[in-house]
Amino acid sequence: IGPVGGSEPPDGFTVTDSISDELKSGSWIQEMIDGAGSLAELKKQIEFEAIANSLKIEKGNITRAAKRLGMKRPRLSQIIHGNPILGEVQRDLAESE
């Protein structure tokens, strides 16, 4: 396995070092991995959860949620408006504020 993001792993690093105790013990992460049909589907699930969580924390504010996620507001808005569930979550949170 090669380095991710261009960084070199520390000396003595093994693949098992990168698996947290939580993952080893059958956490929600493991459940998500087991339920995903493919890596692409897993990425979509993780993206959805991260966006929904950020919207909840930021009370539906797309600008602040985008900043929290480290992405540009127009791209987050595009993702939210392209997903009916995320769109509804955002609207409900923004209206309740």
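Select Ile51 first: leaving aside residues up to four places away in sequence, Ile51 touches Leu69, Leu76, Ile79, Ile80 and Leu86, a contact being heavy atoms within 4.5 Å. The model is a predicted one, in which local features need pLDDT of at least 70 and side-chain atom pairs count only at pLDDT 80 or more, while totals for chains, interfaces and linings use all residues. Residues are numbered from 1 along each chain as its sequence is written, and side-chain values use heavy atoms, with hydrogens and water left out.

Helices (H or I, at least four residues) and strands (E, at least two) are DSSP runs, numbered from the N terminus. Buried means under 20% relative accessible area, exposed over 50%, and partly exposed in between (1.4 Å probe, protein chains only).

**Helix α3**

Next, colour α3. This helix has 19 residues, and the distance from its first C-alpha to its last is 27 Å, close to the 27 Å expected at 1.5 Å a residue; the expected span is 1.5 Å times one less than the number of residues. Its buried residues are Leu42, Ile51, Ala52, Ser54 and Leu55.

Pick Ser54, which is found in helix α3. Is Ser54 buried or exposed? Ser54 counts as buried because its relative accessibility is 4%. Not counting residues up to four places away in sequence, Ser54 touches Ala65, Arg68 and Leu69.

**The loop between α3 and α4**

Move on to Lys59, which lies in the loop between α3 and α4. Its phi is near 55°, a positive value in a residue other than glycine. Most residues other than glycine have a negative phi. Lys59 has 44% relative accessibility and therefore counts as partly exposed.

Now show the side chains of Glu58, Arg64 and Arg68, which are linked in a network of salt bridges. A salt bridge is a side-chain nitrogen of Lys or Arg within 4 Å of a carboxyl oxygen of Asp or Glu. How many salt bridges does the structure hold? There are two. In one, Arg64 is paired with Glu58, and the closest N and O atoms are 3.0 Å apart. In another, the side chains of Glu58 and Arg68 meet at 3.0 Å, N to O. This latter pair links distant parts of the chain, ten residues apart: Glu58 is in the loop between α3 and α4, and Arg68 is in helix α4.

Glu58 counts as buried because its relative accessibility is 13%. Arg64, at 42%, counts as partly exposed, and Arg68 is also partly exposed, at 46%.

**Pro74 in α5**

Proceed to Pro74, found in helix α5. Pro74 counts as exposed, because its relative accessibility is 58%. A distance drawn from the C-alpha atom of Pro74 to that of Thr63, eleven residues apart along the chain, reads 8.8 Å.

**Helix α6**

Select residues 84–96 to display helix α6. Its 13 residues should span 18 Å at 1.5 Å a residue, and the end C-alpha atoms are 18 Å apart, which agrees. Within α6, Leu86, Gly87 and Gln90 are buried. Viewed down the axis of α6, the buried residues fall within an arc of 100°, so they line one face of the helix; the arc is that of the directions from the helix axis to the C-beta atoms. These buried residues pack against α3, α4 and α5.

**The whole chain**

The protein has six helices and zero strands. Of its 97 residues, 21% count as buried. Among contacts with a separation of 6 or more, residues 24 or more positions apart account for 33%. The protein exposes about 7200 Å², of which carbon and sulfur atoms supply 54%; accessible areas come from the Shrake-Rupley method with a 1.4 Å probe, and for residues only the protein chains shown count as cover.
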